[in-house]
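Good morning, and thank you for coming. Please look at the sequence and the model first.

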Amino acid sequence: TRGRYGEGAKQEKFKYALTLVFIQCVINAAFAKLLIHFFDAVKVDRTRSWLYAACSLSYLGAMVSSNSALQFVSYPTQVLGKSCKPIPVMLLGVTLLRKKYPPAKYLCVLLIVAGVALFLYKPKKGAGSDDHVFGYGELLLLLSLTLDGLTGVSQDHMRAHYQTGSNHMMLNVNLWSTLFLGAGILFTGELWEFLSFTERYPSIVYNILLFGLTSALGQSFIFMTVVYFGPLTCSIITTTRKFFTILASVILFANPISTMQWVGTVLVFLGLGLDAKFGKGVKKTSH
């Protein structure tokens, strides 16, 4: 979807992000429904609908605000901001759900976040200093991180109080997301523009369906991680994913790596190692 469509001066770019996410959510929901039909048909889901709606809203809000931040901050800044995702997930879990983590867990999360941030950080080239310190883009990133934390809180609440299954969580969160996004693309008129675009370039339908199917498969594992290991563990995995992808390219293709990236690598592995040894045993207070 990032490619150009058409020829010559009439080339067009795909710019229908909301519709793409809408289709993604529809496919995710259908995939989750199939999983429930074949593997979870007996299990009854007693989770409240408002929890699913709240989780969906915070999830979509985090995504939209993060993407909107790119209009005001650079992509590396956005990546660095989102690499801090485990921190609000942990802090809001502690403050709102009264969760208790061993002190080592806080250290591990800080080491991992700092390591990923150092590894992904790309300093600006050129001597000119930028007076811009904190603005609208950074506020959007803060909002995105806060909503990420609230998503984690709602997922933790589902796990603790309703023992929500991963497939039911995936189905209902995506159904609510489909509802919200459907209203959005109808209100903005983006749906009709998207349909017109697909008429001009029908080949994109295959790409979107392939994207949706692979996304659904990946999301099913994400929700399994949330249900079986918790939102904090899931946020750590998704945060370190990009780090391991780049590290793999360094190892496989002998890409150069800076001193700062080596420091980041050491911090990430140190954090993960300490977490494996000392970061277990989350205590929950009755809530």
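This is a predicted model: local features need pLDDT of at least 70, side-chain atom pairs count only at pLDDT 80 or more; totals for chains, interfaces and linings use all residues.

I begin with a definition: helices (H or I, at least four residues) and strands (E, at least two) are DSSP runs, numbered from the N terminus. The expected span of a helix is 1.5 Å times one less than its number of residues. Residues are numbered from 1 along each chain as its sequence is written, and side-chain values use heavy atoms, with hydrogens and water left out.

The chain contains 11 helices and four strands. Helix 6, residues 136-162, has 27 residues and reaches 38 Å from its first C-alpha to its last, close to the 39 Å expected. Helix 7, residues 166-188, has 23 residues and should span 33 Å; its end C-alpha atoms are 32 Å apart, which agrees.

What happens just after each of these helices? Just after helix 6, Gln-163 takes a positive phi of about 50°; this residue belongs to the loop between helix 6 and helix 7. Just after helix 7, Gly-189 has a positive phi of about 80°. Most residues other than glycine have a negative phi.

Is Arg-98 buried or exposed? Buried means under 20% relative accessible area, exposed over 50%, and partly exposed in between, with a 1.4 Å probe and protein chains only. Arg-98 counts as exposed because its relative accessibility is 53%. Cys-84, at 25%, counts as partly exposed, whereas Cys-234 is buried at 9%. With a disulfide taken as a pair of cysteine sulfur atoms within 2.5 Å, the count comes to zero disulfides.

I turn to the interior. Of the 287 residues of the chain, 45% count as buried. A nonpolar core is a set of buried Ala, Val, Leu, Ile, Met, Phe, Trp, Tyr and Cys residues joined through side-chain atoms within 4.5 Å. The largest such core has 34 residues, and those with the most contacts inside it are Phe-14, Met-169, Phe-197 and Ile-208. Helix 1 (17-39), helix 2 (49-69), helix 7, helix 8 (190-200) and helix 9 (204-229) each supply at least two residues of this core. Helix 1 gives the largest share, nine residues. Apart from this core lies another, of 17 residues, among them Val-89, Val-109, Ile-112 and Ile-257.

Finally, the record. The unreviewed UniProt entry places the feature "transmembrane region" at several spans, including residues 173-192 and 204-231; UniProt positions are given in the numbering used here, feature names are shortened, and annotations may be inferred rather than shown by experiment. In the model, residues 173-192 are 95% helix and 0% strand, with end C-alpha atoms 25 Å apart. Residues 204-231 are 96% helix and 0% strand, and their end C-alpha atoms lie 34 Å apart.
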